[in-house]
Amino acid sequence: MTIDTVFTELSSMLGDRLSRSKSDLDHHGGSESHFALSPPDAVAWPETTDEVSRILLLCHNASVPVIAYGAGTSLEGHTSARHGGLCLDMSRMNALITTDPGDMIAVVQPGLTREDLNHELRMLGVFFPVDPGANASIGGMAATRASGTTTVRYGSMRDNVLGLTVVLADGRIIKTGSRAAKSASGYDLTALFLGSEGTLGIITELTLRLHGTPEVISAGICAFPDMEAAVGTVQQVIQMGIQMARIEFVDADTARAFNGFAGTEMPECPHLLVEFHGSPAAVAEASQGFGDIADEFGARGYEHATRTEDRNALWKIRHHAYYAVLSLRPGARAIVTDICVPLSKLAQAVEETRADIASSGLLGPILGHVGDGNFHAILLIDDGNEAEKATAKALAKRMSDRALAMGGTITGEHGIGMGKLELMEGEHGDAWAVMGDIKAALDPSGILNPGKLVPQG
């Protein structure tokens with residue numbers, strides 16, 4: 001069976017939900033980051049688990065690559081069709097299947113976005129907390145084991161996914177996990193598929209852990225004289241056990257970008273953005289405790305707000321940080337990278353990265369989820385300037401090397417895709433080969449998202 005024969009059969013099965021138009025192919029082969037356009041040969045929009053199973057069986061028998069696609073917000077080329085094949089756009093599988101507030105559980109399809117999910121949940125007094133910034137799809141968030149602004153309080157996708165329905169490369173449908181709060185039953189297959197980036201199977205349903213909507217939410221922002229003071233505040237706050245829902249860091253360049261992009265009037269110096277959840281008394285106590293510690297580190301202008309519109313305005317600025325930073329150099333492209341280090345090494349990692357960026361000659365604002373030791377650099381380059389691109393990539397590699405030397409990891413949340421493939425052996429050693437063995441066992445034909453995450457044959 002040839003690839004054209006597969007697409008003919010898929011056209012009969014899916015009708016106009018299979019496309020080979022150039023506009024659809026280019027849309028699904030592109031990226032917001034620096035990777036070159038790499039389109040698939042066709043795009044399919046399945047609507048059921050059974051359809052995904054039939055599609056994969058056809059592609060497995062003909063060795064046609066299959067790349068799952070969510071909202072397209074990933075930053076390491078995860079959805080680029082390096083070897084052509086079929087892009088499986090999951091956006092039509094976007095239902096909230098069931099909710100059970102009593103068990104604090106929801107079952108969803110993978111194409112549902114986190115904002116739409118929380119819009120559906122808002123009247124039930126519960127919410128799904130994982131917030132990577134972008135309005136990503138829940139399936140994509142699971143496939144990349146996403147985390148984000150609220151991880152310091154609620155954890156990542158690893159902590160908030162209880163079970164999955166997954167279609168394997170040969171079309172088999174399996175279910176992992178359960179609705180129970182814990183299990184000691186066999187291998188943790190749910191954890192295996194979380195972070196597998198579409199290389200082991202296609203996720204078609206997810207059982208999620210929900211959390212109660214806090215009685216009171218308060219958000220705040222304050223400025224610091226330097227990075228060391230801001231990071232020192234974070235370390236002290238966490239060591240004192242003050243319960244934070246979010247604690248975000250932005251540097252002076254990011255503050256400058258916010259001012260130009262969103263019309264804010266932030267001093268051009270490092271800032272912390274914080275949020276507290278809980279009862280009125282607990283939130284007031286936490287906010288006061290944070291403010292006292294921040295004062296000790298020289299913070300100024302600490303402002304906090306409980307009105308929903310004020311809080312939303314603050315986090316809207318943070319969520320649009322990528323576009324704000326791009327506006328610092330109109331027409332530029334970005335090489336976006338992240339690392340994660342132990343909290344005790346965070347100040348050193350941030351300062352050494354800042355100095356490295358300064359000496360490179362590039363503009364590269366730093367921001368991140370410092371409550372869990374994770375931060376990002378957005379390295380701006382002229383599109384098509386190969387010398388600047390090489391400088392930025394070398395700088396990003398040094399960031400990863402620095403993280404490993406400090407006992408950290410080459411990525412806290414962006415994942416590997418193809419962008420960080422060459423760094424995996426340095427972090428995992430022989431364990432990376434074991435990942436390749438698992439891939440070969442579940443996908444012997446190598447059709448699922450080839451060229452990503454695992455050693456390449």
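Strand β15 (residues 300-305) is hardly covered, for the count of buried residues among its six residues is zero; buried here means under 20% relative accessible area, exposed over 50% and partly exposed in between, with a 1.4 Å probe and protein chains only. The model is predicted, so local features need pLDDT of at least 70 and side-chain atom pairs count only at pLDDT 80 or more, whereas totals for chains, interfaces and linings use all residues. Residues are numbered from 1 along each chain as its sequence is written, and side-chain values use heavy atoms, with hydrogens and water left out.

**Overall architecture**

- The protein contains 17 helices and 18 strands; these are DSSP runs numbered from the N terminus, with helices being H or I of at least four residues and strands being E of at least two.
- The radius of gyration is 22 Å, which agrees with the value near 23 Å that a compact globule of 457 residues would have. This radius is taken over C-alpha atoms, and the globule rule is 2.2 Å times the number of residues to the power 0.38.
- Along the principal axes, the C-alpha atoms fill a box of roughly 70 × 55 × 40 Å.
- Of the 457 residues, 54% are buried.
- Among contacts with a separation of 6 or more, 72% are between residues 24 or more positions apart; a contact means heavy atoms within 4.5 Å.

**Surface and charge**

- The protein exposes about 18700 Å², and carbon and sulfur atoms supply 50% of this area. Accessible areas come from the Shrake-Rupley method with a 1.4 Å probe, and for residues only the protein chains shown count as cover.
- There are 35 positive and 56 negative charges, and their mean positions are 2 Å apart. Lys and Arg count as positive and Asp and Glu as negative, while His and the chain ends are not counted; each charge is placed at NZ of Lys, CZ of Arg, CG of Asp or CD of Glu.

**The pairing of β12 and β15**

- Strand β15 runs antiparallel to strand β12 (residues 216-223), and four bridges join the two. Two strands pair if DSSP finds at least two bridges between them.
- Within this pairing, Ile 221 stands opposite Glu 303 of β15.

**The four-stranded sheet**

- An open sheet with mixed pairing is formed by four strands in the order β1-β2-β4-β3. Strands β1 (18-19) and β3 (66-69) stand at the edges with a single partner strand each, so one side of each is left without a neighbour in the sheet.
- Strands of a sheet pair through backbone hydrogen bonds, either parallel or antiparallel.
- β1 and strand β2 (residues 42-44) run antiparallel and are joined by two bridges; Ser 19 stands opposite Val 43 of β2.
- β2 and β4 run parallel, with three bridges between them. Val 43 has Cys 87 as its bridge partner in β4.
- β3 also pairs with β4 in the parallel sense, over four bridges, and Ala 68 has Leu 88 as its bridge partner in β4.
- In a regular strand the side chains alternate between the two faces of the sheet.
- Strand β4 (residues 86-89) is covered on both faces: Leu 86 and Leu 88 are buried on one side, and Cys 87 and Asp 89 are buried on the other.

**Helix α17 and the segment after it**

- Trp 432 lies in helix α17 and counts as buried at 11% relative accessibility.
- Beyond its neighbours within four places in sequence, Trp 432 is in contact with Leu 421, Met 424, Glu 425, Leu 453, Val 454 and Pro 455. The C-alpha atoms of Trp 432 and Leu 453 are separated by 9.2 Å, with the two residues 21 apart along the chain.
- Leu 453 belongs to the segment after α17. This residue has a positive phi of about 70 degrees although it is not a glycine, and it is buried with a relative accessible area of 9%.
- Asn 449 lies in the segment after α17 (430-442). Its phi is positive, about 45 degrees, although Asn 449 is not a glycine; at 4% relative accessibility, Asn 449 counts as buried.
- Leu 448 is also placed in the segment after α17 and counts as buried at 0% relative accessibility.
- Not counting residues up to four places away in sequence, Leu 448 touches several residues, including Leu 56, Val 66, Ala 169, Leu 200, Ile 202 and Lys 439.
- Leu 448 and Glu 197 are 251 residues apart along the chain, and their C-alpha atoms are separated by 9.4 Å.
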